[in-house]
Amino acid sequence: MTDDIDAALEPEPEVPEVALPERPEGPTRRQLAERAERRRAVLIALFSTVVVFAALMVLVVSAPGWPDVRRSFFSWHHFSESLPDVLPAFWINVKVFVTAEAFILVLALLLALARSSRAPVLFPLRILSTVYVDVLRGIPVLLVLFLLGFGVPALRLDGVPRDPVFWATVALVLSYSAYVSEVYRAGIDSVHESQRAAARSLGLTSAQAMRFVVLPQAVRRVVPPLLNDFIALQKETALVGVLGPIEAARQAQIYSSREFNFTSYVAAALIFLAFTIPLTRLTDWLLSRQRTRISGGRLA
Amino acid sequence: MAVRSKARRLGALVVVGGLVVAGCGSSDDDDAATDGDGEATEQSCAVEDLQLVNDGVLTVGTDTPAFPPWFVDDEPTNGEGFESAVAYAVADELGFSEDQVTWTTVAFNNAFAPGEKDFDFDINQVSITPDRDEAVDFSDGYYDVNQAIVGFADSAAADATSLDDLKGLKLGAQLGTTSLDFINDVIQPEQEAFVYNDNNAAKAALDAQQVDGIVLDLPTAFFVSATEIEGTEVIGQFPASGDQPEQFGMVFEDGNPLRDCVNDALASLKDSGRLDEIEQEWLSDSVDAPVIPLG
């Protein structure tokens with residue numbers, strides 16, 4: 001055993017230089033083979049994609065109901081007629097979404113911090129935030145919307161706004177901050193206890209440990225699920241319409257009820273997709289980056 | 001199931017056609033004969049010859065909640081309220097007894113959407129319009145209706161006496177109604193109209209003062225202001241915007257031959273004065289509201 005270690009510690013013996021055979025210019029045989037393999041894979045993928053999609057197209061278009069389906073859902077005439085109405089209405093959705101998102105991020109973080117607090121004196125805060133999350137997460141958004149949107153203004157209190165868009169935004173904020181606070185909390189819980197202990201041992205207070213050590217790691221981890229919730233929120237803005245304002249989905253419904261054609265809904269759906277798909281792709285990208293980072297960290 | 005019942009209906013049609021052609025006639029009060037147009041395909045309106053959604057019963061559709069003065073207590077089966085009474089009068093005229101009438105819930109906008117219907121006719125304050133007529137069939141009108149606007153008596157809206165006075169207001173109406181069309185096409189307010197799933201939501205918004213006024217048919221407007229939302233009044237009613245008065249009609253699946261029989265029934269209800277009596281009984285409250293001229 002000790003001999004082995006001694007041997008290992010000794011300087012490496014000189015390796016006599018061996019003259020390598022002259023490598024010919026250009027790729028090696030192995031590289032060539034790999035390249036051919038890749039090309040074959042691409043061709044097969046391309047071929048199978050084309051075949052499958054062509055078959056799907058033929059199947060759909062030749063289906064007996066297709067002309068009816070196209071007339072009701074994919075009529076170019078109704079699409080170009082309804083889009084100019086639906087697109088400007090989407091502005092309400094955007095406004096509600098952006099405003100609500102900003103407030104949700106803050107309110108949800110406060111809720112999560114309240115639930116994660118450990119000081120005995122903050123116990124009532126923990127109870128309150130737990131009850132809040134339980135209740136608001138359990139009520140359909142639509143009900144919250146009706147309760148606040150029609151209910152509160154009907155009290156006719158002085159100084160209380162009556163604007164339905166305002167109340168719709170409030171309802172979404174209340175509802176979604178309950179969800180999002182749970183996402184934050186999961187992130188906070190996922191930071192190992194030793195991080196907090198180490199921070200405390202360095203002299204940081206509990207609050208400082210949370211602020212400078214736990215939260216930065218926690219938030220970073222939950223960015224993808226946060227985005228996921230915002231995609232959901234973005235779609236939920238269509239609920240604003242039940243209080244009267246004409247947002248994109250409602251505008252589509254108005255068109256549809258007038259023309260007995262569903263293409264306007266498809267137009268509205270496309271507008272929503274144009275908004276959500278980039279968000280979805282961003283989430284995917286962040287997730288995959290995170291996966292690489294974590295596994296990369298482990299290997300190092 | 002659907003195929004079978006369709007086959008059965010076809011069978012019934014053939015049998016009926018055969019009967020009429022053969023001149024056997026049936027023992028009913030067939031108006032087709034008195035029409036004198038001599039069409040052999042004219043169907044019989046005898047109860048046993050009618051093609052019904054459910055065998056042996058007349059299935060009538062309306063939305064829920066069914067509200068006054070059209071229905072009473074959200075209960076179409078009690079025969080109370082204008083439309084319930086009209087439906088039972090028509091059923092009686094067709095030869096159905098009261099317990100041969102069943103009601104089914106049909107959302108307002110679905111009533112006149114294209115497609116197969118699970119009612120024989122729908123009676124739900126549906127105005128007859130050319131667009132809707134392409135998707136479904138309508139009976140003759142059973143009520144001439146004016147649009148009206150309801151608002152709080154102490155609000156600025158209450159002083160409106162012309163269309164111009166209304167343009168600056170926030171107005172609301174139910175989705176897919178002629179009331180909404182009226183706001184957009186005739187009043188043309190400066191601020192976009194608010195649109196609600198149903199009249200209840202529109203009323204809630206008015207009650208919450210999120211809108212200055214909601215547009216409804218006149219009898220509903222009277223009911224809302226008199227009994228539902230305290231402090232509101234019918235600010236005004238609007239005369240018909242076209243040459244024809246706006247009319248409520250019963251809705252039938254496109255091409256349903258029952259329509260002609262119901263029209264015969266309606267005609268005899270009009271001739272006998274029965275329809276006027278029903279209107280007097282249920283809609284006489286909605287008499288005078290200030291008229292807001294369109295010109």
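User: Where in chain B is Pro69(B) found?

Analyst: This is a predicted model, and the peptide bond from Pro68(B) to Pro69(B) comes out cis, with omega near 0°. As for its place in the chain, Pro69(B) sits in the loop between strand 1 and helix 3 of chain B.

User: Is Gln125(B) buried or exposed?

Analyst: Gln125(B) belongs to the loop between strand 3 (121-122) and helix 5 (130-135) of chain B. Its phi is positive, about 50°, although it isn't a glycine. The cut-off for burial is 20 or more other C-beta atoms within 10 Å. Gln125(B) has 23 such neighbours, so it counts as buried.

User: And how does Gln209(B) count, going by its C-beta neighbours inside 10 Å?

Analyst: Gln209(B) also isn't a glycine, yet has a positive phi, about 55°. You'll find Gln209(B) in the loop between helix 8 (199-207) and strand 8 (213-217) of chain B. Partly exposed means falling between the 12 or fewer of exposed residues and the 20 or more of buried ones. Gln209(B) has 15 C-beta neighbours inside 10 Å, so it counts as partly exposed.

User: How many residues are in the largest nonpolar core?

Analyst: Val90(B), Val150(B) and Ala205(B) have the most contacts inside this core. Val150(B), for one, touches Leu206(B), Ile214(B), Leu216(B) and Val234(B), among others, not counting residues up to four places away in sequence. Chain A takes part as well: its helix 4 (residues 76-116) gives the most to the core, with 13 residues. The core's total is 136 residues.

User: Which helix of chain A gives the most to the side that touches chain B?

Analyst: The contact takes 15 residues from chain A and 20 from chain B. On the chain A side, helix 6 (141-154) and helix 10 (248-259) each supply at least two residues. By class, that side has nine nonpolar, three polar and three charged residues. The most, five residues, comes from helix 10 of chain A.

User: Why is chain A called more spread out than a compact globule?

Analyst: Chain A has eleven helices and zero strands, and its C-alpha trace spans about 95 × 70 × 25 Å along the principal axes. For 300 residues the globule rule gives 19 Å, and chain A is well over that, so it is more spread out than a compact globule: its radius of gyration is 30 Å.

User: How far apart do the C-alpha centres of the two domains of chain A lie?

Analyst: The division of chain A gives domain 1 as 27-54 and domain 2 as 99-239. Between the C-alpha centres of these domains, the distance is 49 Å.

User: Which element of chain A has the lowest mean pLDDT?

Analyst: Chain A has a mean pLDDT of 88, with 92% of its residues at 70 or more. Among its elements, helix 7 (residues 164-190) has the highest mean, 95. Where pLDDT is low, the predicted coordinates should not be read in detail. The lowest mean, 54, belongs to helix 1 (residues 2-9) of chain A.

Note on methods:
Residues are numbered from 1 along each chain as its sequence is written. Chains are lettered from A and ligands numbered from 1 in the order in which they are written. This is a predicted model: local features need pLDDT of at least 70, side-chain atom pairs count only at pLDDT 80 or more; totals for chains, interfaces and linings use all residues. Domain bounds come from an automatic or database domain assignment. Helices (H or I, at least four residues) and strands (E, at least two) are DSSP runs, numbered from the N terminus. The radius of gyration is taken over C-alpha atoms; the globule rule is 2.2 Å times the number of residues to the power 0.38. Two residues are in contact if their C-beta atoms, placed from the backbone, lie within 7 Å. Ala, Val, Leu, Ile, Met, Phe, Trp, Tyr, Cys and Pro count as nonpolar, Asp, Glu, Lys and Arg as charged, and the others, Gly among them, as polar. pLDDT is the predictor's confidence in each residue, from 0 to 100. A nonpolar core is a set of buried Ala, Val, Leu, Ile, Met, Phe, Trp, Tyr and Cys residues joined through C-beta atoms within 7 Å.
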